[in-house]
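Here are my notes on the model, point by point. Please read them with the structure open.

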Amino acid sequence: MIEMKESDAGTRRRFLAREAFDDDLYLLEDIRRRKSALEGDESVVVARLSRRARGMTLGLDADESALCGFARTDEEKRLLVAEVGAAVRVPEGTVGVMVSDAETLATSLPLTLAALQAGEITGRHAHVMVAQCSTIPLEAHAQFEEALLPVAGRLTVAQFTQRARVFRERVHPDSPRKRHVEALDRRGVWVDPAADGMAQLSVLLPAADAIAIDDKLDQIARSQRGPDEPRTHAQRRCDAAIALLLDPEGDLARVAQRIRPQVILTVPALSLLGHTEEPAELHGYGPIDPVTARRLTADAPSVTRWLTDPVTGRVLDVGRENYRIPTELRLALTIEDETCRFPGCRRRAQRCELDHVHAWAHGGETSHANLASLCSKHHHLKHESDWTVEALSDRELRWTSPIGRVHITEPANPAHPPWPERPPTPGVEPSPKRPTFKPVGDSPTMPDNAPF
C-alpha cells in the first residue's frame, strides 16, 4: 500500500513538472508573438515617419503629410535617418534598412505587414519577404506574397529563405543565366577581423563550386575521424581548408586529390536538351541557371538518370521484401527532402540517414511514403527518447514531443507546376541544343545505416 502511494506521488510530480514546462513554453510563444507584433507596429510608425519627412519639406500639415508619399530626396532621407537613428540609438545604416523594409511592407506587402502585426510571423521572416521581392517587378509582389505567406508561419527563417529563393526564380522576369552572368562580376574574397586573434574568411563564388568545396572538406574531415582524434568535425574541416590553401604540396593535399566531391544536381530533361530554360536544382543550394547545369552535367564523371514514376516504373516501394533501400529511391528521397526532416533542422539530406518512419522491426515497409531523411542526432532522438513521429499523406511527418506538442514537417521540394517559358535573353551565352556528356558507372552510393 505504501509503495502504491509513493508511485502515485512520483507520477503526480512528473505530471506537474511537465505541466509547468508546457506553461512556460506557452509563455515563451506569447512573448515571441508580442515581440513580432511590436515589430509590425514599428514598421507602421517608421513608414509614417517617412511620409511625414516628405510632408515637412512640402510644407504640409500633420494630416496631409501622413497621406503623402515617402521621403524621396537626399535631404528628406538624411533628415529621416538622422532623427530616427538618434532617437532609438541605432546606426544610420540600420535605420536605412528599417525604412526600406517599412515602406515596402506598407505599400506592396500589406498581408505580410498584417501577419507581422498579428504575431503570426517574425520580423526576420518579413525581412526575407521584402529582400526577395526587392529584385522582382512590383506587379509580381502580390503573387509572391500570396504563394509564400501561408508557409512562413511554420518554417524557420532559413527554411523560409530557401522556399522564397526558389519561388523568386519562378517569377523573376530576367533569365537565370543573365542574372548569374551579372552576379559573377561580384565574386571575391574578404577577411573580417574577429576577437582573440581570429578572423573570418568569406568567399563569394559560384554556388556549384561552393557546394563541391563544402562536400570535399566534409569528406576529408570524416576521413580523419578516429578514437585518438581530439578535434571536432568543424575543426577538422577548418584545418583542411587552411592546409589545402597554404600547403598545396603537403600530405593532406595528396589525400584530397583522391577524394571526389559529390554534387547532386537535378536537371529537367527538356532543359538538359536545350528545349526549355527551366533552372536545375542544386542540392543544398536551390535553383541554378540551365547553361551552368548543362556544363556540370557534361563534365560529370558519373550521371544517374531518373524520371518520374509514371514514365519509367522506377521502384519506389519494395514493401516487406527487402530492408535495403534501392539506390534510385535513396537518391529520390535525398533530393525531395533536401534537409533532415526534424522540425527546424537544416542538416543536408545528403549527410543524413534514411529512417523507416514506421520501424521495419514493427512491420514498416521500405517505401517512398515510409522513409524520411534524419540526421544522426535526430535519428537517435527518435529512437532513444519520448519523441514520436507519424507519416501522413504527401510524405508530411507529424512529430509529437514528450509533453504532447505537435509539429508538422514537409519535404522541401514538393512537386511544382511547369516552369514559365521565357524568351531567349539577348547578349547571353546561348544554350546548346544537344549537350555532350559521358555517363560513366553509377552515381556515388550513400552508406546503409543502422536498421531502425
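1. How many of the 11 residues of helix H16 (residues 327–337) are buried? The count is 9, so H16 is largely enclosed by the rest of the structure. Buried means under 20% relative accessible area, exposed means over 50%, and partly exposed is in between (1.4 Å probe, protein chains only). Helices (H or I, at least four residues) and strands (E, at least two) are DSSP runs, numbered from the N terminus.

2. Before going on, a word on the source. This is a predicted model: local features need pLDDT of at least 70, side-chain atom pairs count only at pLDDT 80 or more, and totals for chains, interfaces and linings use all residues. Residues are numbered from 1 along each chain as its sequence is written, and side-chain values use heavy atoms, with hydrogens and water left out.

3. Back to H16. Its buried residues include Leu329, Leu331, Leu333 and Ile335. Arg330, Glu336 and Asp337 are also among them. The buried residues pack against strands S3 (265–266), S6 (353–356) and S7 (371–374); contact here means heavy atoms within 4.5 Å. Glutamate 338 follows the helix, and its phi is positive, near 70 degrees.

4. Strand S1 (residues 188–193) has 6 residues, and the number buried is 0, so S1 lies largely in the open. S1 pairs with strand S2 (residues 199–204) in the antiparallel sense, over 6 bridges. Two strands pair if DSSP finds at least two bridges between them. Glycine 188 has leucine 204 of S2 as its bridge partner. The two strands form a hairpin with 5 residues between them. In the turn, aspartate 196 has a positive phi of about 60 degrees.

5. Two loop residues deserve a look. Most residues other than glycine have a negative phi. Arginine 89 has a positive phi, near 60 degrees. Arginine 89 sits in the loop between helices H3 (74–88) and H4 (92–107), and is exposed at 72% relative accessibility. Aspartate 394 also has a positive phi, of about 60 degrees. Its loop lies between strands S8 (388–391) and S9 (397–400). Aspartate 394 is exposed, with a relative accessible area of 68%.

6. Which disulfides does a search of the whole structure find? It finds 0, taking a disulfide as a pair of cysteine sulfur atoms within 2.5 Å. For cysteine 340, the nearest cysteine sulfur is that of cysteine 345, 3.8 Å away. Cysteine 340 is buried at 2% relative accessibility. For cysteine 375, the nearest cysteine sulfur is that of cysteine 340, 3.8 Å away. Cysteine 375 is buried too, with a relative accessible area of 7%.
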